[in-house]
Amino acid sequence: MDRAIAIQVSRLTKAYDGHTAVSDLSFEVYAGEIFGLLGPNGAGKSTTLRTLITLLTPTSGTASVLGHDTVREADVVRQLIGYVPQERAIDRFLTGREHLELLGALYHLPKAEATKRIAELLKLVELEEPADRAAKTYSGGMKRKLDIACGLLPDPKILFLDEPTLGLDVQSRLRIWDYLRMLKARGMTIVMTTNYLDEADQLCDRLAIIDKGKLMALGSPAELKVGLGGDIVSLTLKEQTKIPALVSALTGQPAMRAVKATPTGLDIRVDSPEKALPAILESANRLDCQLEFIEYHRPRLDDVFIVHTGRSMTESVQDIQAE
Amino acid sequence: MAQYWQEIHALTMRWVRRLSREKFSMLFTLVQPMLFWLIFFGNLFQRAADVQVTQAPNYISFLAAGVVVMTVLNNGLAGGVDLLFDKENGFLERLMTTPIHRSSVILSRFIFVMTITSLQVLVILGVSFLFGVQPATGFLGVAVILMIGMLFGVGLTAISMAMAFSVKSHGDFFSVLGFLSLPMIFLSSALVPLAAMPAWMGFLARFNPMTWAIDAVRPLILSGWTEALPHVGMVVVVMLVFDALCLYGSAKVFRRAMG
């Protein structure tokens with residue numbers, strides 16, 4: 001499928017004071033998708049994002065947004081994008097409405113246009129009632145909503161979000177996901193960083209897994225998981241003597257990708273459960289193998305992360321928090 | 001150009017709003033220099049200060065010029081603080097992703113700091129007036145005092161903003177600020193005339209731009225135009241050089257910090 005390219009990153013490298021934050025990164029973001037940059041803290045996601053929104057100049061390589069170079073045509077890029085920074089990029093003393101009015105002026109909107117848009121956005125993020133209270137009285141979730149409204153004020157073609165649900169309670173989190181899905185439905189392209197696996201899995205159409213500044217894997221969550229070699233069916237047999245017979249019966253069947261004997265049974269990698277499970281059961285019946293237990297395990301994104309980085313995403317996040 | 005003005009206006013109004021929401025902070029900002037220096041220090045040293053040495057009718061009238069310039073100094077050096085907080089909480093980053101002229105942020109800060117400082121200087125001159133200090137050069141003299149204050153303030157604010165962009169943490173910023181402010185005051189003619197200082201301090205004070213500013217403001221308050229004009233001419237030259245150096249240095253920092 002040929003899809004319009006919204007963002008093109010090619011061989012992007014960014015080094016600060018001798019430390020390489022991002023190294024030789026290349027990927028494309030398609031128009032209309034939610035694209036996630038997934039990785040533990042310090043992996044280089046934010047550096048990548050900040051290059052795309054013109055805040056950083058690459059050491060080498062290029063990035064372009066809707067065909068405009070982020071360095072040479074930074075001003076054009078800034079007109080086309082909206083940005084939602086990590087939480088707290090809020091002036092405690094200003095009201096929600098004043099935040100939006102300030103940004104309206106910075107995007108050079110005429111007053112009438114700005115007033116209309118601000119009213120719409122406050123309604124969208126459900127901040128109409130507290131709009132004229134100082135932001136220091138807002139809860140974490142409300143601040144985040146205000147952040148998103150600020151990002152949407154320029155009516156951007158592409159919205160960039162840095163860890164949009166970091167530190168939010170579950171409810172606010174789901175609400176933010178809803179907004180992002182709705183924006184996508186309206187045709188907006190969304191690029192976000194996250195270190196939450198479930199967020200990446202459920203929200204993003206495609207992901208770039210980044211670790212230590214390098215691109216480890218790229219694709220939709222489903223593709224990435226399938227790329228691991230499919231789902232796993234683990235069988236535990238009542239009589240272990242029948243394991244070799246079942247292994248040889250299943251090996252080579254079309255739905256099985258790999259069959260491996262384990263001490264108590266078999267591990268079978270399969271492409272799709274619909275085809276594989278009946279075939280497995282049929283062979284087991286035919287050979288008169290009694291099954292004690294069947295476990296069906298779909299690879300999680302964390303498995304993808306482990307395969308590509310050699311460690312678990314959850315571990316790496318904990319490592320960083322422990323530091 | 002209309003866009004440029006729209007940006008600067010919106011950003012300047014943000015500083016004004018912030019200040020008006022911090023009522024306590026505003027009160028202290030306005031009152032502190034008068035209270036501490038002019039009223040307490042001025043009256044405290046009224047009899048200890050030798051009229052022969054200060055060459056002024058009383059110590060408060062001598063001190064007024066010093067307090068005016070001290071206020072310019074402190075406001076200028078603190079002029080970058082809000083940008084420092086903006087940098088630390090990501091607000092600056094948000095501003096930098098909008099299609100604004102990079103200089104709008106800096107200019108809005110200059111406009112705001114200069115306006116607040118001028119208002120404070122007027123209040124200080126007003127309070128001095130209540131203590132019987134009448135500016136010898138009248139309203140025109142007051143206007144010249146404000147101009148000198150702004151000339152000095154621009155350079156100081158530039159240094160402060162450059163520092164705000166360069167420091168690693170706001171702890172560093174406030175340490176440097178605390179370290180600069182008092183020595184600048186003691187090594188100037190704010191509290192004691194140069195001639196009455198120990199030779200080495202007097203020598204160092206001559207290199208302090210603050211001394212030049214005070215030596216021009218003081219005759220505007222105490223003596224009159226004939227005595228003041230040569231000093232005013234001199235301070236304009238000194239301040240233009242000072243500002244040029246500060247702006248040149250800080251412009252480099254701004255460009256690196258804001259792209």
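**Figure 1. Chain A of the predicted model, overall view.** Buried residues make up 42% of the 323 residues in chain A; a residue counts as buried if 20 or more other C-beta atoms lie within 10 Å of its own, as exposed if 12 or fewer do, and as partly exposed in between, with C-beta atoms placed from the backbone. The model is predicted, so local features need pLDDT of at least 70 and side-chain atom pairs count only at pLDDT 80 or more, whereas totals for chains, interfaces and linings use all residues. Residues are numbered from 1 along each chain as its sequence is written, and chains are lettered from A and ligands numbered from 1 in the order in which they are written. Chain A contains 12 helices and 14 strands; helices (H or I, at least four residues) and strands (E, at least two) are DSSP runs, numbered from the N terminus. Along the principal axes, the C-alpha atoms of chain A fill a box of roughly 80 × 45 × 45 Å. Of the contacts in chain A with a separation of 6 or more, 68% involve residues 24 or more positions apart; two residues are in contact if their C-beta atoms, placed from the backbone, lie within 7 Å.

**Figure 2. The six-stranded open sheet of chain A.** The strand order of this sheet in chain A is β6-β7-β8-β3-β9-β10, and the pairing is mixed; two strands pair if DSSP finds at least two bridges between them. β6 (81-84) and β10 (214-219) of chain A are the edge strands, each pairing on one side only. On average, neighbouring strands of this sheet are turned by 15° against each other, direction ignored. Within the sheet, β3 (residues 34-38) and β8 (residues 189-194) of chain A run parallel and are joined by 5 bridges. M192(A) in β8(A) is the bridge partner of G36(A). Helix α1 (residues 45-52) of chain A lies across β3, β7 (158-162), β8 and β9 (206-211) of chain A and runs at about 150° to β8(A). Axes are lines fitted to C-alpha atoms, for helices over the stretch in contact, and angles run from 0 to 180 degrees between N-to-C directions.

**Figure 3. Two antiparallel strand pairs of chain A.** Strand β11 (residues 231-237) of chain A pairs with β14(A) in the antiparallel sense over 6 bridges. In this pair, L237(A) stands opposite L291(A) in β14(A). Strand β14 (residues 291-297) of chain A has 7 residues, of which the number buried is 0, so the strand lies largely in the open. The second pair consists of β12 (residues 256-261) and β13 (residues 265-270) of chain A, which run antiparallel and are joined by 5 bridges. A hairpin of 3 residues connects β12(A) to β13(A), and K260(A) stands opposite D267(A) in β13(A).

**Figure 4. The contact between chain A and chain B.** In this view, 24 residues of chain A are in contact with 21 residues of chain B. On the side of chain A that touches chain B, α2 (74-80) and α3 (96-106) of chain A each supply at least two residues. The helix that gives the most to this side is α3(A), with 5 residues. The residues of this side of chain A divide into 14 nonpolar, 5 polar and 5 charged; Ala, Val, Leu, Ile, Met, Phe, Trp, Tyr, Cys and Pro count as nonpolar, Asp, Glu, Lys and Arg as charged, and the others, Gly among them, as polar. The buried residues of α1(B) pack against α3 of chain A together with α7 (102-130) of chain B. Those buried in α1(B) are Q6(B), E7(B), I8(B), A10(B), L11(B) and R14(B).

Figure 5. Chain B has 12 helices and 0 strands. The radius of gyration of chain B, taken over C-alpha atoms, is 19 Å, close to the 18 Å that the globule rule gives for 259 residues, so chain B is as compact as a globular protein of that length; the rule is 2.2 Å times the number of residues to the power 0.38. Helix α1 (residues 2-21) of chain B has 20 residues and reaches 28 Å from its first C-alpha to its last, close to the 28 Å expected at 1.5 Å a residue, the expected span being 1.5 Å times one less than the number of residues. α7(B), with 29 residues, reaches 44 Å between its first and last C-alpha, close to the 42 Å expected at 1.5 Å a residue. V68(B) is placed in helix α4 (residues 59-77) of chain B and is buried, with 30 other C-beta atoms within 10 Å. Leaving aside neighbours within four places in sequence, V68(B) is in contact with V121(B), I124(B), I145(B), G149(B) and V217(B).
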